[in-house]
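Visitor: I would like to know what lies behind the labels. Please take me through them.

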Amino acid sequence: QDVGNRIDKGEVLQCLVPANTWFASEVKENRSFALVGCTVSFGFDFNDFEMADKLLINEFPDHEEVLSRLIR
């Protein structure tokens with residue numbers, strides 16, 4: 001889903017990431033920028049939170065290129 005302020009081009013101002021879903025963000029154009037945040041709601045527990053790890057590449061080798069780019 002494209003997040004942005006060009007609503008007429010199908011972009012959205014914000015999006016909801018369902019529970020138990022990995023998410024990441026990157027800009028499409030090299031000379032652009034983005035301010036990305038994550039807001040949680042009632043029921044969120046940091047004990048259930050897991051930061052992505054490059055070990056995901058072992059689990060999803062077909063996605064190595066994008067995972068290497070998005071995971072520090």
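This is a predicted model: local features need pLDDT of at least 70, side-chain atom pairs count only at pLDDT 80 or more; totals for chains, interfaces and linings use all residues.

Guide: Residues are numbered from 1 along each chain as its sequence is written, and side-chain values use heavy atoms, with hydrogens and water left out.

Visitor: Why is the pair of F44 and F46 called edge-to-face?

Guide: Rings of Phe, Tyr and Trp (its six-membered ring) pair if their centres lie within 6.5 Å; planes under 30 degrees apart are stacked, over 60 edge-to-face, the rest tilted. The ring centres of F44 and F46 are 4.8 Å apart and the planes meet at 85°, so this pair is edge-to-face.

Visitor: What makes F46 and F49 an aromatic pair?

Guide: Their centres are 6.0 Å apart, with 70° between the planes. That pair is edge-to-face too.

Visitor: How do you know whether F46 is buried or exposed?

Guide: Buried means under 20% relative accessible area, exposed over 50%, and partly exposed in between (1.4 Å probe, protein chains only). F46 has 63%, so F46 counts as exposed. F44 has 36%, so F44 is partly exposed. F49 has 42%, so F49 is partly exposed.

Visitor: What makes a nonpolar patch of V40, F44, F46, F49 and M51?

Guide: Patch residues have over 30% relative accessible area and no salt bridge; nonpolar side chains (Val, Leu, Ile, Met, Phe, Trp, Tyr) are joined within 5 Å, like charges within 9 Å. A salt bridge is a side-chain nitrogen of Lys or Arg within 4 Å of a carboxyl oxygen of Asp or Glu. Together these five residues have about 560 Å² of accessible area, by the Shrake-Rupley method with a 1.4 Å probe, where only the protein chains shown count as cover for residues. M51 has 62% relative accessible area, so M51 is exposed.
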